[in-house]
Amino acid sequence: MAITPHPARTLRQAASNRYDLVVLANRLPVDHDTDADGRPCWRRSPGGLVTALHPIMKSRAGAWIGWHGRPGPAPTPFVHDGIHLHPIALTGDDVDGYYEGQSNATIWPLYHDAVEQPVFDRAWQDGYRKVNRRFAEAAARVAAPGALVWVHDYHLQLVPGMLRELRPDLRIGFFLHIPFPPVELFCQLPMREEILRGLLGADLVGFQHPSATRNFHSLAEHLLDAKVTDGKIWHEGREVVADTFPISIDVADQQRLALDPAVRARAAQIRRELGDPRTVILAVDRLDYTKGIERRLSAYEELLAEGRLDPAETVMVQVAVPTRQRIDQYQALRERVERAVSRINGDHSGIGRLCVHYLHRSYDRAELAALYLAADVMAVTPLRDGMNLVAKEYVATRTDHTGALVLSEFAGAAAELEEAWLVNPHDLDGLKDAVTDAVDADAEEQRRRMEPMRAYLRRHDVNRWATGFMGRLDGLAEDWSAAAAA
Ligand code: GDG
């Protein structure tokens, strides 16, 4: 992974340039790190968004605006790995109000079917407005005349509207990575109209799943009396297109990892370290209440207790990546999950033979790929999820068409990976049946399901997602220039 010294390589020119393509996301695509000599440096973040946008950002010499991850002053704009990075400063209060409060304790649970109670706090709303304005103003400063600006995710829903006021010449796209809720739920939001108007500041609004797009259309009709025809929303004399663009992964790169001899050797070693069980069931999630970790553990616990899974032959590996650890609901979830894991292990494990390996940490991509290779069954059971890239990564890793994916109907990925064992995670009996069916599936059944999913993914990789969205926005821009010239 490329490492650039920080901030010595800052390019002064980056601060003064104006860009034809500007991306805004809560986080910059780099993380603070230290190099081999202990000096601070930046390291490219592992996330899928970075991978997706990197080639386009490089070829179009784009700029990326985002938070650098620590409260306090922002570093000077700099270039990393060919992308111009413009850090946004967040104070400690901004982190509390905008990020942990309004974004992650209000909007996040509400947009995920309120599977946890959203918290409404007026001070957080002000923080959200203030930080969204900061992002919008930064974009207004660096975008070239007529530039394309692509705003990402639920943290920045006011930005399109704010930016349109500041710079009506820009073409603005917005993509929501998480679900968009039904009207009745959305309408709980005290900022509901402000957020909807913010989103409608974009020319193109993209969602992961057709149901999210439909919810957005209905909301515009319901709340603003907007006219919706053919996916276009007429709002304040403008046309806003809302459509579905399911995100994906870098399939070729995932396959490359899966075929790497070192990764394959590591997968074999993992199985040995787990005691060479007949069945390895794997789950990989951020430790988030939307991911259905507790339901999955309950299903596994009941299957062991009923003797439908043999604890001497079955191991579950649960990777639970630490996330949002300062938020109360996440601390409470961690306690509940850890209690459940120790209860299952107390009741069903033996000496040197754990039923659940619970790993509360993050892993690099190679180790994750080795885990995917080592797993007979991958259990992805969110209560609600925008897409779920882990499910796609598992399928892309299984180059020999073995393995079995149990996938929640409430993950966006279920609309595409239709051959998985699709489950309703709220239906514990259904979930248990799906897990045992997947455990018992023979090689032929595994191939029958895996082959079409792999073929689908090869055709729908992340590059197609990024170029599809950008191409659509570019196309809209061309339509308008032609209309203006006519
Ligand atoms: C949001 C939406 C939507 C996981 N553990 C480690 C690690 N990961 C990587 C995975 C995967 C990514 O993180 C997780 O993506 P998901 O899609 O599963 O979930 P969210 O983080 O909730 O993402 C989601 C996504 O945005 C994209 O639009 O699909 O619905 O909620 O790529 O491999 N990466 C590393 N170490 C880990 O331990 N490096």
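The model is a predicted one, in which local features need pLDDT of at least 70 and side-chain atom pairs count only at pLDDT 80 or more, while totals for chains, interfaces and linings use all residues. Residues are numbered from 1 along each chain as its sequence is written, and side-chain values use heavy atoms, with hydrogens and water left out. Helices (H or I, at least four residues) and strands (E, at least two) are DSSP runs, numbered from the N terminus.

Eight of the ten residues of α13 are buried, so the helix is largely enclosed by the rest of the structure; buried means under 20% relative accessible area, exposed over 50%, and partly exposed in between (1.4 Å probe, protein chains only). Those buried residues are Glu367, Leu368, Ala369, Ala370, Leu371, Tyr372, Leu373 and Ala374.

Aromatic rings come next. A search of the whole structure finds 17 aromatic pairs. Rings of Phe, Tyr and Trp (its six-membered ring) pair if their centres lie within 6.5 Å, with planes under 30 degrees apart counted as stacked, over 60 as edge-to-face and the rest as tilted. Tryptophan 150 and phenylalanine 469 are a stacked pair, at 4.3 Å centre to centre and 5° between the planes. This pair links distant parts of the chain, 319 residues apart, with tryptophan 150 in strand β8 (residues 143–152) and phenylalanine 469 in helix α17 (residues 462–485). Both tryptophan 150 and phenylalanine 469 are buried. Tyrosine 372 and tyrosine 394 have ring centres 6.3 Å apart and planes at 75°, so this pair is edge-to-face. Here tyrosine 372 belongs to helix α13 (residues 365–374) and tyrosine 394 to helix α14 (residues 389–397), 22 residues apart. Tyrosine 372 and tyrosine 394 are both buried. Elsewhere, ring pairs join Tyr111, Phe180, Phe186, Phe207 and Phe216 into a cluster.

Asparagine 215 lies in helix α8 (residues 210–224) and counts as buried at 18% relative accessibility. Not counting residues up to four places away in sequence, asparagine 215 touches Phe180, Pro181, Pro182 and Val183, where contact means heavy atoms within 4.5 Å. Arginine 192, found in helix α7 (residues 192–199), is partly exposed, with a relative accessible area of 36%. Leaving aside neighbours within four places in sequence, arginine 192 is in contact with Phe186, Cys187 and Leu223. The side chain of arginine 192 reaches the backbone oxygen of cysteine 187 at 2.8 Å. Arginine 192 and leucine 223 are 31 residues apart in sequence, yet 8.7 Å apart in space, C-alpha to C-alpha.

The chain crosses from β15 through helix α12 (residues 328–348) to β16 in a right-handed β-α-β crossover; with the strands pointing away from the viewer, the path from the first strand over the helix to the second runs clockwise. From strand β16 (residues 356–359), Val356 and Tyr358 point one way and His357 and Leu359 the other way, and all are buried.

Terms used. A polar contact is a pair of N or O atoms within 3.5 Å; within protein, one must be able to donate a hydrogen and the other to accept it, and residues adjacent in sequence count only if both atoms are side-chain atoms.
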